[in-house]
Amino acid sequence: MTTGCFEYQDGALHCEQVPAEELAAGHGTPLYVYSRQALLSNLEALRSAFAPLDPRICFSLKSCQNLHLLRLLAGHGCGFDVVSGGELQRALEAGADPRQIVFAGVGKTDHEIRAALAAGVGLLNVESLSELEVLAGLARETGTQAHAALRINPDVDAHTHAYTTTGTRENKFGVDMHHVRQVFARAAELPAVCLRGLHVHIGSPITQVASFRDAIAQVLAIRDTLQRDGFTIDTLDLGGGLPAQYGDHPHPPLQEFADAVCGPLREAGVETVLEPGRVIAATAGLLLTRVLHVKRNGSRVFVVTDASMNELLRPALYQAYHFIWPVRAGKRVPQSQSADQPWPDLVPTDVVGPICETTDFLARGRPLPPLERGDLLAVFATGAYSMTMASQYNSRPRAAEVLVAGRRQQRIRRRETYDDLVAAERDLPEMEP
Ligand SMILES: Cc1ncc(COP(=O)(O)O)c(C=O)c1O
């Protein structure tokens, strides 16, 4: 499960050339650690897989949003996929070219749409007829023309967790295939909107190449229909959802996803946009956490760590799997932690946090070596949907983030303080009794 950038050297985990123990000692735990090299090589792998399309790569902020990491990606040619005014502000503050920003989301507020129009974002992805009307009204009001794509709902199952499937007909996302022509016909009557794109995102992570291929086939088919109707469609936004290696079961290589769609898309001669998140960021990060207590309740062994669902919500939310292993591992580092693990002295362990919820776990029944108070654990592949989903539930300040490049390390987000927790409530008058 380790990658070139997170490797065990002499039995101790390193991020690039910095020992994980040194990072934990210097910045405290829980701590998000990112590898610059991993982030950039994941970006390069994606770019090279889809090279025949030369796509616009709009990194999805919802997966990872630290300004320093966004600046790094912008500096390497990335645009951004945003879904809120806050994400738009981050992307702009990171120095993004607004024309390289796509603004998606099923429920943008008027305020957010105005901000997107004022910034001159490259593409607004519309998800309903109602939203199209609002967009046209606001564009007219502000004297701008909105460049838009219509998110279609292709009714294709991504075969991922039910909560992260977005492209089947019963989901809230996109426009039903039967209504697409109607939306384009209406857009033609609205000069303040230039609707020349189609957008699709069926969920994430997509585990089967066939789902990705089927969704793109649907997009190309509806594009043909629309072109026959006389509409011009010159941009296809393929969304995100390309998988990352979490260490539970292997997924098809990225190249297979690319090979399945590059031919027909090239033939269509359109500009393509990708909105990758996890495939770039997930394996570029890990979470360091310290063991607070080890206890046994009934037949179960619980390792209570200082990381929780605050720092990593995915296991609680989606029963997601993250490979976990001690930072000081001796010679033993498995490539996976399946129940049929090879070492008899591993203990099925529930790795849990301090939050007052039974769903506050990082792993359940996971084969791990015996652990004790003070041990440092690494939770792998937490570069995506970890810090961005972090909360302060139970009034726990959010953790710090650190970026490593070779032997260098740089704190890129300070640990929040107790003052941060109450800052937005202070200095407001008390309600009259
Ligand atoms: C519209 C859209 N684009 C892109 C993404 C990014 O997905 P991923 O991080 O799996 O690539 C998402 C994730 O939910 C999404 O909803």
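In this predicted model, Gly85, Leu88 and Leu92 of helix H4 meet His111, Glu112, Ala115, Ala116 and Ala119 of helix H5. Sorted by class, the residues of this H4–H5 contact come out as five nonpolar, two polar and one charged. As for the geometry, H4 covers residues 85-93 and H5 covers residues 110-119, and their axes come within 9 Å and cross at roughly 25°. Angles under 35 degrees count as roughly parallel, so H4 and H5 are roughly parallel to each other. The handedness is settled too: H4 passes H5 in a left-handed crossing.

Over to the strands near the start of the numbering. Here the model has an open sheet of three strands, laid out in the order S1-S2-S3 with antiparallel pairing. S1 (6-9) and S3 (18-19) take the edge positions, and each has a single partner strand, so one side of each is left without a neighbour in the sheet. Strand S2 spans residues 12-15 and runs antiparallel to S1, with four bridges joining the two.

Technical notes
Residues are numbered from 1 along each chain as its sequence is written. This is a predicted model: local features need pLDDT of at least 70, side-chain atom pairs count only at pLDDT 80 or more; totals for chains, interfaces and linings use all residues. Two strands pair if DSSP finds at least two bridges between them. Axes are lines fitted to C-alpha atoms, for helices over the stretch in contact, and angles run from 0 to 180 degrees between N-to-C directions. Angles under 35 degrees count as roughly parallel, over 145 as roughly antiparallel, 65 to 115 as roughly perpendicular and the rest as oblique. A crossing is left-handed if the near helix is turned anticlockwise from the far one by less than a right angle, and right-handed if clockwise. Two residues are in contact if their C-beta atoms, placed from the backbone, lie within 7 Å. Ala, Val, Leu, Ile, Met, Phe, Trp, Tyr, Cys and Pro count as nonpolar, Asp, Glu, Lys and Arg as charged, and the others, Gly among them, as polar.
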